[in-house]
Amino acid sequence: MSSKHTNTTAETLAQLEATGDRLAEWSSQHAAAILAVFATILALAAGVGFYVQYRAEGRQEAANALALATSEYRQAMGADPLGGEIPEPANAELAAATRTKFSARFAEVASAHPRTVSGALAWLEAGQLALELGQADEARSRFESARESARGTAIGALASIRLARLAEDAGDLAGAAQAFESAAAVASYPLRAGALADAARCWITAGETDKGLAAYQRLEAEFPDQAVPPAIEALVEELRAKTS
C-alpha cells in the first residue's frame with residue numbers, strides 16, 4: 001500500500017473519530033431534546049395504532065348493529081332471520097307498524113356509524129322501508145345520505161340507482177339520467193353498462209338527444225359485448241336514423 005493511500009486512510013479515520021466525538025458531545029448536551037423527540041415519535045406511533053384499532057372496532061360495531069337490526073326486522077316480518085325472501089304479513093297494519101319501527105331503527109344505526117360500509121347499507125335499508133311506506137321524500141333523503149356516506153363505491157352507486165328510480169317515478173327524467181350516469185362512473189359498480197343504457201334512455205326521453213347519444217356511445221365503446229335491452233336499442237337506432 002502506498003504512503004499516500006495510507007495517509008489518506010488515516011486522515012479519513014481521524015475525521016470520522018472527530019465527528020463521532022462531536023456527535024457524542026452534542027448528544028450529551030441535548031439529551032433532553034433527543035428524549036423528547038423519541039417520546040413524540042412513540043406517542044405518534046401509539047396514536048396511529050390506537051386510531052387503526054379504533055376504526056377497526058368501529059367497523060365491527062357498525063356491522064354488528066346492522067346485522068342485529070336486519071335479523072330482528074326479518075323475524076318481525078315472519079321471515080328466516082338468516083336469509084331468504086321476506087313474506088308480506090297478512091295483517092297490513094302490522095306490516096306498516098313493523099316497517100315504521102325498523103325504518104327508524106336502520107336510520108339510527110346509520111346515524112350512529114357514519115362513513116362506514118354498514119352505515120351506508122343501513123341508510124339504504126332505511127330508505128327502502130320509507131319508500132315501502134309511501135314516504136318518497138324521506139326515502140330520497142336517506143338514499144342521498146347513503147350515497148354521500150359511500151361515495152365512489154359500489155354501495156354509493158347503488159344509492160344513485162335508487163335515486164334515479166325515484167326521480168324517474170317523479171317524472172324528473174333529466175335528474176334520473178344524471179343519477180344513472182353517476183352510478184356508471186363508479187368503476188367498482190358491476191352494473192355500469194345497464195346504468196349507461198338507462199341514462200341514454202332517460203336523456204332521449206327527456207328530449208336531451210345529444211346527451212342520450214353520448215351516453216349510448218360510451219356504452220358501445222366501454223362495453224362492446226354488452227347486450228342492450230331491445231327497447232333502448234330501438235330508441236337509439238330510431239334517433240340515429242332521424243339525425244343521419
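The largest share of the lining of the second largest pocket, four residues, comes from α4, and I would like to start there before moving to the helices. What we have is a predicted model, in which local features need pLDDT of at least 70 and side-chain atom pairs count only at pLDDT 80 or more, while totals for chains, interfaces and linings use all residues. Residues are numbered from 1 along each chain as its sequence is written, and side-chain values use heavy atoms, with hydrogens and water left out.

The second largest pocket has a volume of about 160 Å³. Of its 13 lining residues, those closest to the centre are Tyr-73, Ile-86, Glu-125, Leu-129 and Glu-132, and the elements that give two or more residues to the lining are α2 (31–76), α3 (92–112) and α4 (117–132). A pocket here is an open set of points on a 1 Å grid over the protein atoms alone, where a 1.4 Å probe fits, with protein on both sides within 12 Å along at least five of seven lines, and lining residues have an atom within 4 Å of a point. The volume is the space filled by probe spheres set on those points, which are joined across faces, edges and corners.

Turning to the chain, there are ten helices and zero strands, taken as DSSP runs numbered from the N terminus (H or I, at least four residues, for helices; E, at least two, for strands). Of the 244 residues, 31% count as buried, where buried means under 20% relative accessible area and exposed over 50%, with partly exposed in between (1.4 Å probe, protein chains only).

How many of the 14 residues of α8 are buried? Twelve are, so α8 is largely enclosed by the rest of the structure; among them are Arg-192, Asp-198, Arg-201 and Trp-203. What covers them includes α6 (154–169), α7, α9 and α10, with contact meaning heavy atoms within 4.5 Å. Just after α8, Gly-207 takes a positive phi of about 90 degrees.

Helix α9 (residues 209–222) should span 20 Å for its 14 residues at 1.5 Å a residue, and its end C-alpha atoms are 20 Å apart, which agrees; the expected span is 1.5 Å times one less than the number of residues. Its buried residues are Gly-212, Leu-213, Ala-215, Tyr-216 and Leu-219. Seen down the axis of α9, these buried residues fall within an arc of 160 degrees, so they line one face of the helix, the arc being that of the directions from the helix axis to the C-beta atoms. On the other side of α9, Asp-210 and Ala-221 are exposed.
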